[in-house]
Amino acid sequence: MPNSTISGFSSVGLDAEKFRVLLAQWLEHEKPQLPLILPIAFAIGIGLWFGLPYREYWLAVITTSTILALTSFGVGYIRPARAVSFRWIAAAFLMIAAGMIAIWGKSMLVGAQPLERPWVGVLEGTIKEIENLPARGKVRIYVAPLDGQNLPKNVRLNIDIAKFDAAPLNLRSGQIIAARVRLMPPNGPVIPGAYDFAQRAWFDGLGATGTLLESPRIVSNVSDEPVFAEWRGRLSAHVLDQIPGSEGGIAATLATGDRGGLAEADAEAMRRSGLAHLLALSGLHVSAVIGAVFLIVVKLLALSPSLALRYRLPIIAALAGALAGMGYTIFTGAEIPTVRACIAALLIVAALILGRDPLSLRMVGFAAFVVLLLWPEALIGPSFQMSFGAVIAIIALYDTPIMRRLSLQRDEGDFALLPKISRFVVMLFLTGLVIEITLFPIALYHFNKAGIYGALANLIAIPLTTFVIMPLEALALLADTIGMGGPLWWLCGQALSLLLGLARFVSDVPGSAVLFSSMPLTAFMFFVSGGLLLFSLRSHLRFAAIFPVTFAIILYVQTPAPDIIISDDGRQFAVRDQNGDYLLLKPQSNSFATDMIREEAGFGDTGQDLKLWPQSRCSSDFCTFTLKSGERSWSIMTGISSNYVPLRALAAACSRSDIVIAPRRLPYICRPRWQKIDGPYLRENGGITIYLDKQNIITSRLKTDHGWRQ
């Protein structure tokens with residue numbers, strides 16, 4: 001017995017030693033990728049702050065992470081042989097704490113307390129920013145109310161040009177205006193899982209939004225509009241004069257970042273075709289500007305043999321490209337996505353100057369860390385996730401043997417053009433395909449839709465935009481200085497028409513943008529963890545990504561669809577029948593709530609009219625119907641008018657119903673068998689989804705310690 005015991009301990013010791021050797025070998029193999037732990041851990045800390053509801057939880061994460069970091073440092077000091085591993089563990093825990101501190105501090109620093117309740121009155125304030133939306137017939141202004149009005153520091157107002165004739169007022173930043181307005185607090189999610197504008201408004205410092213009830217009156221005509229903003233407005237107007245319609249709207253977007261000239265129908269076509277990223281000034285546009293300036297400068301300087309022999313021309317050209325990228329970013333309004341792209345591009349330029357590999361995951365990780373340090377709230381937005389997800393996928397793809405072979409320089413003789421074009425097309429298609437697959441879960445989580453033909457559309461659209469449209473527009477603007485830009489503007493307009501035609505064609509193809517039901521956060525997190533495993537590791541362990549991805553797919557597929565979806569004002573809701581089809585109370589409505597319900601439930605424009613459903617019995621005031629879930633049938637009554645209903649009849653109808661839904665307040669005498677969802681209930685809880693089988697109600701207005709939900 002003792003011998004067997006000794007043998008057992010010896011076996012365990014050998015296994016432990018073998019494990020340590022394998023771990024050391026694995027760490028050595030993954031050594032170049034270990035720095036990626038730090039930005040990932042920093043992002044985890046930010047994500048935990050958004051996911052955990054109360055301050056006590058945030059403090060617990062910070063404290064626990066700090067203790068674990070100190071413990072790991074201590075263990076590494078005691079066991080020097082494993083010091084490297086424990087140092088990385090300690091650094092990861094410290095970064096988790098740092099991420100939570102960064103987003104918490106940013107929230108306290110910039111958060112704008114929202115307006116408590118709707119407000120109607122005369123607003124007097126200073127215009128801070130003007131956003132022209134000619135395609136929508138609106139002007140959007142951001143105003144800082146003067147002291148003494150008991151209003152938030154910043155509000156956003158929409159001016160209907162046709163109604164108030166705002167254009168002749170010649171509004172400028174710095175002017176003080178007065179007008180009768182109606183203000184509302186920034187809206188939260190219309191239904192659970194929908195877009196949360198209140199969250200974005202909090203970090204943008206926006207406390208209220210509203211509309212004008214009368215034409216604005218200028219109190220002080222002193223303007224302090226920044227020079228770049230004035231130039232940007234003039235350039236945008238000039239571009240729109242040269243190229244009319246949505247084509248001019250896209251041209252203005254590329255030149256100045258002004259997206260107001262693009263018609264909504266064409267903007268939707270760009271989204272459905274997977275080309276909407278061309279309208280958001282980001283990495284593609286900044287890199288195109290930097291790359292173009294780099295090539296022009298290096299070619300011009302190379303014409304001088306003395307300069308080519310004395311100086312490192314690529315470094316000079318890289319610096320010129322960096323300056324051009326920064327100038328383009330500032331001139332186009334320095335929007336956060338453009339600034340993020342500019343920072344990433346500048347880091348790549350810095351890597352080139354220092355002789356480092358610019359297209360490495362470590363460089364991308366450092367760029368992501370810098371962006372999250374400055375804008376930690378960007379982590380949960382689709383822009384950050386899609387931009388960095390696409391870049392990571394591209395770098396990982398071009399690190400594979402097949403892409404290295406395709407991109408390898410080779411001598412192919414006199415007939416090299418055709419093979420080069422063929423390889424370029426194959427590489428571009430594979431790149432687009434990998435990006436589409438990578439971004440599929442992100443698009444599904446944020447927008448409940450994903451395009452099928454995006455890779456094919458981008459195969460044409462990206463080269464067209466990068467190598468034709470943007471250079472033509474730049475040359476046209478340059479030629480305008482001597483009054484000879486007309487032909488170039490015509491060519492640019494034709495290229496833009498081709499781009500828009502491609503978007504319209506692809507968006508009209510069946511299946512171009514397929515709607516899906518809402519993805520749970522848990523499934524999305526498993527998708528993200530699988531992607532990080534696959535792209536971040538170099539060893540065969542990266543193929544373990546199949547497990548979280550498979551689990552995410554299973555979790556998503558098995559997530560039940562809600563039986564009832566009700567908007568936050570109760571005026572629109574959808575119910576699911578036994579066939580899984582949704583019926584809407586007002587399917588013809590074009591309201592934002594209707595669009596959100598369609599997207600979250602994933603049924604698009606196919607919702608039937610609840611009033612025409614054979615199983616629904618409707619009067620001028622109420623509709624009643626029965627839904628079956630599991631082994632039980634549920635009797636539901638919903639109010640569809642604000643007319644007076646005799647109390648005795650209302651009480652009798654409520655007592656026969658399991659659920660009563662109405663946008664107005666229902667009297668105490670209305671007592672359904674399970675749940676009464678009326679105006680006061682919705683004002684307190686927001687939009688809701690109901691799962692009848694489990695009798696589970698999910699609300700959109702959860703009380704947390706986050707500023708926008710207090």
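**Reading rings, helices and strands**

Me: How many aromatic pairs are there here?

Reply: The count comes to 15 aromatic pairs, where rings of Phe, Tyr and Trp (its six-membered ring) pair if their centres lie within 6.5 Å. Ring pairs join Trp49, Phe50, Trp58, Trp104, Trp202, Phe203 and Trp708 into a cluster. Keep in mind that this model is predicted, so local features need pLDDT of at least 70, side-chain atom pairs count only at pLDDT 80 or more, and totals for chains, interfaces and linings use all residues. Residues are numbered from 1 along each chain as its sequence is written, and side-chain values use heavy atoms, leaving out hydrogens and water.

Me: How do I read two packed helices?

Reply: Two packed helices are described by the angle between their axes and the distance between the axes. Here, α14 (residues 361-374) and α15 (residues 382-398) pack at about 170 degrees, with axes 10 Å apart. Helices are DSSP runs of H or I, at least four residues, and strands are runs of E, at least two, numbered from the N terminus. Axes are lines fitted to C-alpha atoms, for helices over the stretch in contact, and angles run from 0 to 180 degrees between N-to-C directions.

Me: Which way does α14 run relative to α15?

Reply: That angle makes α14 roughly antiparallel to α15, a label for angles over 145 degrees. The contact (heavy atoms within 4.5 Å) includes Leu361 and Val364 of α14, and Phe384 and Phe388 of α15.

Me: And strands: in which sense do β16 and β17 pair?

Reply: Strands pair if DSSP finds at least two bridges between them. Strand β16 (residues 659-661) pairs with β17 in the parallel sense over 3 bridges, and Val660 has Lys676 of β17 as its bridge partner.

Key: Angles under 35 degrees count as roughly parallel, over 145 as roughly antiparallel, 65 to 115 as roughly perpendicular and the rest as oblique. Rings of Phe, Tyr and Trp (its six-membered ring) pair if their centres lie within 6.5 Å; planes under 30 degrees apart count as stacked, over 60 as edge-to-face and the rest as tilted.
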